[in-house]
Amino acid sequence: MRKIELLTKSHDREGFDCGSEPLNSFLKQTARQHAARGISRTFVLVEETASEPKPILGFFSLNICQIKSETLSAEEAKKLPRDVSGIRLGRLAVSKTYQRQGIGKALLIAAMGKFMEIFNMAGGIGLFVDAKDLEAKCYYEQFGFVALPSNELELFLPVKTIQEALAQNS
Ligand SMILES: CC(C)(COP(=O)(O)OP(=O)(O)OC[C@H]1O[C@@H](n2cnc3c(N)ncnc32)[C@H](O)[C@@H]1OP(=O)(O)O)[C@@H](O)C(=O)NCCC(=O)NCCS
């Protein structure tokens, strides 16, 4: 059975290849340091019963972020104070061997579930993501992410959309 786990030494970071070197090297060199310093948390999808080091099918990372509500659409901004917090999906990647099998979608749903845990403890207006290019932007848009008026490669998934998506996928 597949399971989302917090990245640890028991995972095969060296063997991971999603086809994007910056994402591969984040996982290999940066993710655990960032977790230790409280900068971000990285979660990996693995086969629960795989022998260690467990091959990583895909991963995502999350961190808390601050947003000026004026960077959102006027519709969203008018309901909010000037400074608000959210969660940034800093990285999302799937091993080349497993791409186009729904794993990216499963990781996004898992990230939404993690968002709700944080939302229930401390609030947050939604998930933010920096798409690395227009192709990635299209990928996120199909899940309801909307581009910010100030930057077409920065996208926002409001809490309401997250709750609806989780209800549909439960
Ligand atoms: C982008 C990525 C995370 C998608 O994960 P995935 O598991 O391959 O995607 P899914 O199987 O969940 O895709 C679901 C649907 O999204 C669409 N899709 C998949 N990859 C896409 C891409 N690169 N761009 C746009 N749409 C895409 C397809 O419609 C797909 O459905 P289909 O296979 O039935 O046509 C993965 O390809 C990846 O790691 N790529 C390299 C790193 C990267 O670009 N990360 C994004 C960071 S900004």
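This is a predicted model: local features need pLDDT of at least 70, side-chain atom pairs count only at pLDDT 80 or more; totals for chains, interfaces and linings use all residues.
# Reading a sheet, a core and a few loops

Visitor: How should I read the strand names, and how many bridges pair strand 6 with strand 7?

Guide: Strands (E, at least two residues) and helices (H or I, at least four residues) are DSSP runs, numbered from the N terminus. Two strands pair if DSSP finds at least two bridges between them. Here, strand 6 and strand 7 are paired in the parallel sense, and 3 bridges link them.

Visitor: What is the order of the strands in the open sheet?

Guide: The sheet has 7 strands in the order 1-3-5-6-7-9-8, and the pairing is mixed. At its edges are strand 1 (2–6) and strand 8 (146–148), each of which pairs on one side only. Strand 8 runs antiparallel to strand 9, to which 3 bridges join it, and valine 146 faces phenylalanine 156 of strand 9.

Visitor: Is strand 7 mostly covered or mostly open?

Guide: A residue is buried if 20 or more other C-beta atoms lie within 10 Å of its own, exposed if 12 or fewer, and partly exposed in between, with the C-beta atoms placed from the backbone. By that rule strand 7 is mostly covered, since 4 of its 5 residues are buried.

Visitor: Which residues of the largest nonpolar core touch the most other members?

Guide: A nonpolar core is a set of buried Ala, Val, Leu, Ile, Met, Phe, Trp, Tyr and Cys residues joined through C-beta atoms within 7 Å. The largest one here has 34 residues, and those touching the most other members are Phe59, Ala111, Leu127 and Val129. Two or more residues come from each of helix 1 (21–36), strand 3 (41–47), strand 5 (58–68), strand 6 (83–94), helix 3 (103–122), strand 7 (126–130) and strand 9 (151–158).

Visitor: What does phenylalanine 59 touch?

Guide: Two residues are in contact if their C-beta atoms, placed from the backbone, lie within 7 Å. Leaving aside residues up to four places away in sequence, phenylalanine 59 touches Leu7, Leu27, Thr42, Phe43, Val44, Arg91 and Ala93.

Visitor: How many residues surround the ligand, and which are the closest?

Guide: A residue counts as near a molecule if its C-beta atom, placed from the backbone, lies within 6 Å of it. There are 21 residues around the ligand, and the closest are Gln99, Gly104, Lys105, Ala136 and Tyr139. Strand 6, helix 3 and helix 4 (134–141) each give two or more residues to this shell, and helix 4 gives the most, with 4 residues.

Visitor: Why does threonine 71 count as partly exposed?

Guide: Threonine 71 is partly exposed because 15 other C-beta atoms lie within 10 Å. This residue sits in the loop between strand 5 and helix 2 (74–77), and, residues up to four places away in sequence aside, threonine 71 touches Leu148 and Ser150. Although threonine 71 and asparagine 151 are 80 residues apart along the chain, their C-alpha atoms are separated by 8.6 Å.

Visitor: Is glutamate 47 buried or exposed?

Guide: Glutamate 47, which lies in strand 3, is exposed because it has 12 C-beta neighbours inside 10 Å. Not counting residues up to four places away in sequence, glutamate 47 touches Arg2 and Lys54.

Technical notes:
Residues are numbered from 1 along each chain as its sequence is written.
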